[in-house]
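Here are my notes on this structure. Please read them with the model open beside you.

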Amino acid sequence: MRNYLLIGGSRGIGAATSKLIHQNGDRYSILSRTVPSFQEGMKRHFQLDVIKDSLEGLEVGKTLDGLVYFPGTINLKPFRSLKEEDFIEDFQVNLLGAVKALKAFFPLLRKGNQPSVVLYSTVAVGQGMPFHASVAAAKGAVEGLMRSLAAEWAPTIRVNAIAPSLTGTSLAEKLLDSDQKRENADKRHPLRKIGQPEDIAEITAFLLSDKSSWITGQLIGVDGGLSTLKV
């Protein structure tokens, strides 16, 4: 039985990932600001803010076999409207929160059984999309962190990242709050649909498991074909 820590995994992709972990017979703890919507198989929930609160002394187990950092932002504005504070906030949530969590739990990961770290980028880093300057800059930093740590922590700890396109979660609800917006979003993808939390959770659970034991330092696009296809 493997033991995982999900950072910010209380809703959406995090909840879907929790379900898969439970179905696989493994255990997990969640560190998030809100109470998790799915709790079966959960060892503990720590209600705190990874950016503001201390992570020291949290009892998540003697070892960790995997860690997922879910927090992210969708801060879409023209560059002229973005303030320095927008870039700082996106950088704090997407990158520095992950750095803080990985520093805090590295000793437990190092003791784990084929431990795996999963981070999240976005299709906008590689694709280049208008109004994404702040979030793409922050997620680009996440990709750099992933590759650097994958090299530094090999062969003990695997580190990978997932780059989704638009996914139907609460984070994206303002972009999908009408039938017309949803239809337009579907049409932008070669598979003619946006992603669902389960789509991303399946890859997340795979990267956590020993089924992906020969995969590290990889950015995996789960984006309905948007990053590579023009149809």
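**Notes on the predicted model**

1. Start with Pro 130. Its relative accessibility is 58%, so Pro 130 counts as exposed, the cut-off being over 50%. This is a predicted model, so treat the value as computed from it. Pro 130 sits in the loop that joins helix H3 (123–127) to H4. Leu 76 is 54 residues away along the chain, yet the C-alpha atoms of Pro 130 and Leu 76 are 8.5 Å apart.

2. The largest nonpolar core holds 30 residues. Those with the most contacts inside it are Ile 7, Leu 31, Leu 102, Phe 105 and Leu 119. Elements that each supply at least two residues of this core include strand S1 (3–7), helix H2 (84–110) and helix H4 (133–153). H2 gives the largest share, seven residues.

3. Look at Ile 7 in detail. Leaving out residues up to four places away in sequence, Ile 7 touches Leu 31, Val 50, Leu 67, Val 68, Tyr 69, Phe 70, Pro 71, Ala 101 and Phe 105.

4. Now helix H1, residues 12–23. Its 12 residues reach 17 Å from first C-alpha to last, close to the expected 16 Å. Buried residues of H1 are Ile 13, Gly 14, Ala 15, Ala 16, Thr 17, Ser 18, Leu 20 and Ile 21. Their cover includes S1, strand S2 (27–32), S5 and helix H6 (197–208). After H1 comes Gly 25, with a positive phi near 85°.

Definitions and conventions: Residues numbered from 1 in each chain as written. Predicted model: local features only at pLDDT ≥ 70, side-chain atom pairs only at ≥ 80, totals over all residues. Heavy atoms only, no water. Core = buried A, V, L, I, M, F, W, Y, C linked by side-chain atoms within 4.5 Å. Buried < 20%, exposed > 50% of the residue type's maximum accessible area, 1.4 Å probe, protein only. Helix = DSSP H or I, 4+ residues; strand = E, 2+ residues; numbered from the N terminus. Contact = heavy atoms within 4.5 Å. Expected span 1.5 Å × (residues − 1).
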